[in-house]
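Reader: I'm new to this one and would like to know what stands behind the labels. Could you take me through it?

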Amino acid sequence: MGESPGAAVPPEGVRYRLTPLQRVLPMLPALVISLGQTLLWWDGGSIDPVLGTGLVIWGVVLTLGLITSRSFGVTLTPSAAVVHSLRRRRIPWSDVQAVQIQSLLGSRTVVIYEAGGRATRLRAPSTGFLSWDRGFEEKFHTIGRWWLDHRGPDWIPVPPPWTPWGRPPGSPGNPYAPPA
């Protein structure tokens with residue numbers, strides 16, 4: 001007999017990456033310049049050696065940018081959040097103190113705050129003016145839910161740093177950073 005929908009096995013991991021539009025959009029100005037220069041050259045214009053070298057460099061940069069940005073994102077596992085950037089970093093759920101949304105210059109990203117005071121801004125999910133992600137809110141809530149479900153029974157919150165009366169609270173960035 002088949003399983004009922006309520007008895008479904010939870011997934012072993014969830015992976016969030018940049019959307020295809022978010023990967024291509026930063027490369028668009030370079031692509032337009034390269035395409036324009038190439039069309040001028042094919043139309044019978046002479047190509048300067050510096051221009052030719054520039055086109056090759058632009059092509060390599062575009063290709064490398066598209067290849068490397070493909071892996072950017074985060075993987076949620078039962079034991080940790082694995083952040084994929086230029087290098088991979090593993091953040092155990094027991095070290096996470098908060099998962100919040102931060103806005104910077106019109107774009108919104110998910111930030112993971114750790115007990116040691118480190119804040120990790122995730123490359124994906126993110127959303128902004130030209131790089132909109134319709135599922136951003138849902139992805140943020142999923143990351144928060146994974147943290148709450150997998151942080152463990154012995155998880156203890158780190159209290160925010162003490163501040164004397166009459167003074168503003170510590171740093172405006174990470175509320176869990178140790179006092180300076």
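Reader: What makes β5 and β6 a hairpin, and which residue in the turn has a positive phi?

Author: This is a predicted model, by the way. Two strands count as paired if there are at least two bridges between them, and β5 and β6 have 8, in the antiparallel sense. So with at least two bridges needed and 8 found, they pair. Between the strands sit 2 residues, and L105 in the turn has a positive phi of about 55 degrees. One facing couple is S103 with R108 in β6.

Reader: What makes β1 and β4 edge strands?

Author: They belong to an open sheet of 4 strands, in the order β1-β2-β3-β4 with antiparallel pairing. β1 (14-17) and β4 (88-92) each have a single partner strand, so one side of each has no neighbour in the sheet. On average, neighbouring strands here are turned by 15 degrees against each other, direction ignored. As for β4, its pairing with β3 (residues 80-84) is antiparallel over 5 bridges, and A80 has P92 in β4 as its bridge partner.

Reader: Which residues touch the most other members of the largest nonpolar core?

Author: V74, L76 and I143 do, in a core of 19 residues. Core members are buried and joined through side-chain atoms within 4.5 Å. Several elements supply at least two residues each, including β1, β2 (73-76) and β5 (96-104). The largest share comes from α4, with 5 residues.

Reader: What volume does the largest pocket have, and which residues are closest to its centre?

Author: The volume is about 420 Å³. Of the 21 lining residues, L18, P26, R123, S126 and S131 are the closest to the centre. β7 gives the most to the lining, with 5 residues. By class, the lining has 9 nonpolar, 9 polar and 3 charged residues.

Note on methods
Residues numbered from 1 in each chain as written. Predicted model: local features only at pLDDT ≥ 70, side-chain atom pairs only at ≥ 80, totals over all residues. Heavy atoms only, no water. Axes fitted to C-alpha atoms, helices over the stretch in contact; angles between N-to-C directions. 1 Å grid on protein atoms, 1.4 Å probe; cavity = no way out; pocket = protein on both sides within 12 Å on 5 of 7 lines; lining within 4 Å. Points joined across faces, edges and corners; volume = space filled by probe spheres on them. Nonpolar A, V, L, I, M, F, W, Y, C, P; charged D, E, K, R; others polar. Buried < 20%, exposed > 50% of the residue type's maximum accessible area, 1.4 Å probe, protein only.
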